[in-house]
Amino acid sequence: MDSSALIGIWIAAGLTLFMYSSLYKDNPFFRFGEHLYLGLSVGYILIRVIYSNFIATLYVPLFEERDYWLIIPSILGISLYTRFFSKLAWISRITFAFLIGFGSGLGIPRIIAGGVFQQIEKIITPLGTQLTPFEYFSGILIVIGVFSVLIYFFFSWEHKGLVGGVSKVGIYFVMIAFGASFGYTVMGRMSLLIGRCYDLIDYSSSKYYYATIVLLVVIIAVLAVYELVLKKKEQPKT
């Protein structure tokens with residue numbers, strides 16, 4: 001195996017163990033891994049933003065490809081920084097007005113098409129086509145869920161009698177939706193954890209010179225020494 005790849009694997013295994021060392025308690029290994037992760041993430045995002053927003057879309061087209069129409073959005077972008085000067089702050093409102101107008105015009109139709117029209121299509125389509133009994137049941141269940149949830153959020157009528165019963169059904173649908181969303185998030189995190197555990201198991205083989213086992217022993221030994229030093233410092237002097 002290439003030495004650079006082997007070094008990268010040892011670093012990956014070490015940083016993974018550093019982060020999981022927080023399961024014991026807050027310690028220097030975890031703080032080092034946390035700070036390194038945050039620093040690298042911020043640096044990576046900053047470089048990506050500079051390259052994608054400044055170099056790739058402004059500097060290269062303007063100065064190398066001679067697209068001089070980019071001067072207009074450049075001026076609008078620079079004018080945002082006039083917010084730091086009280087006498088010139090009014091200039092930035094022009095850019096903000098353009099951004100809000102452009103963002104609303106671009107975003108609102110997409111939200112309506114994706115969040116409203118597609119939902120209506122999903123409600124109507126299953127009941128109007130040739131489907132299996134299970135698909136009919138799913139379609140009817142969707143209609144009941146949408147109708148009951150809408151009644152639950154309809155506050156012009158007092159939730160008593162038939163309206164109260166339907167709104168309670170809507171509560172159950174809302175709770176099921178929240179639970180499914182939470183479970184989806186938890187399962188996503190669990191898949192990340194399982195992936196890291198598989199990597200640690202793989203790195204503990206002789207192919208990688210027992211990287212996980214060696215690093216785990218070193219971390220445990222250093223933490224034990226660290227705890228002994230802390231206890232000695234905390235003991236009152238006689």
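**Figure 1. Overall dimensions of the predicted model.** The radius of gyration of the protein is 29 Å, whereas a compact globule of 238 residues would have one near 18 Å. Keep in mind throughout that this is a predicted model. Taken along the principal axes, the C-alpha atoms fill a box of roughly 75 × 60 × 55 Å. What share of the 238 residues is buried? Buried residues make up 18% of them. Among contacts with a separation of 6 or more, 37% come from residues 24 or more positions apart.

**Figure 2. The helices of the protein.** The protein has 7 helices and 0 strands. Read from the N terminus on, its elements run α-α-α-α-α-α-α. Four of these names return in the views below. Helix α1 covers residues 3-20 and helix α2 covers residues 28-64, while α6 spans 161-203 and α7 spans 211-234.

**Figure 3. Helix α1 packs against helix α2.** Here we look at how the two helices meet. Their axes are 7 Å apart, and the packing angle is about 115°. Is the crossing of α1 and α2 left-handed or right-handed? The crossing is left-handed. On the α1 side, the residues in the contact are Leu-15, Phe-18 and Met-19. Facing them from α2 are Phe-29, Phe-30, Phe-32, Gly-33, Glu-34 and Leu-36. Sorted by class, this contact of α1 with α2 has 7 nonpolar residues, 1 polar residue and 1 charged residue.

**Figure 4. Phe-18 and its neighbours.** Phe-18 is found in helix α1, and at 16% relative accessibility this residue counts as buried, because the cut-off for burial is under 20%. Which residues does Phe-18 touch, leaving aside those up to four places away in sequence? The answer is Phe-29, Phe-30, Phe-32 and Ile-219.

**Figure 5. The aromatic pair of Phe-18 and Phe-29.** The protein has a count of 8 aromatic pairs. One of them joins Phe-18 and Phe-29, with 4.9 Å from centre to centre and 35° between the planes, and this pair is tilted. Phe-18 belongs to helix α1 and Phe-29 to helix α2, so the pair ties together parts that are 11 residues apart in sequence. Is Phe-29 buried or exposed? Phe-29 counts as buried, at 16% relative accessibility.

Figure 6. Phe-32 is partly exposed, with a relative accessible area of 46%. Which residues form the cluster? Phe-18, Phe-29 and Phe-32 form one aromatic cluster.

**Figure 7. Ser-21 in the loop between α1 and α2.** Stepping into the loop between α1 and α2, we find Ser-21. How accessible is Ser-21? Its relative accessibility is 7%, and Ser-21 therefore counts as buried. Not counting residues up to four places away in sequence, Ser-21 touches Asn-27, Phe-29 and Phe-30.

Figure 8. Most residues other than glycine have a negative phi. Tyr-209, although not a glycine, has a positive phi of about 60°. Tyr-210 is not a glycine either, and its phi is positive too, at about 55°. Where do these residues lie? Tyr-209 is found in the loop between α6 and α7, and the place of Tyr-210 is in the loop between α6 and α7 as well. Tyr-209 is exposed, with a relative accessible area of 55%, while Tyr-210, at 43%, is partly exposed.

Methods
Residues numbered from 1 in each chain as written. Predicted model: local features only at pLDDT ≥ 70, side-chain atom pairs only at ≥ 80, totals over all residues. Heavy atoms only, no water. Axes fitted to C-alpha atoms, helices over the stretch in contact; angles between N-to-C directions. Helix = DSSP H or I, 4+ residues; strand = E, 2+ residues; numbered from the N terminus. Left-handed = near helix turned anticlockwise from the far one by under 90°. Contact = heavy atoms within 4.5 Å. Nonpolar A, V, L, I, M, F, W, Y, C, P; charged D, E, K, R; others polar. Phe/Tyr/Trp six-rings, centres within 6.5 Å; stacked < 30°, edge-to-face > 60°. Buried < 20%, exposed > 50% of the residue type's maximum accessible area, 1.4 Å probe, protein only. Rg over C-alpha atoms; globule rule 2.2 N^0.38 Å.
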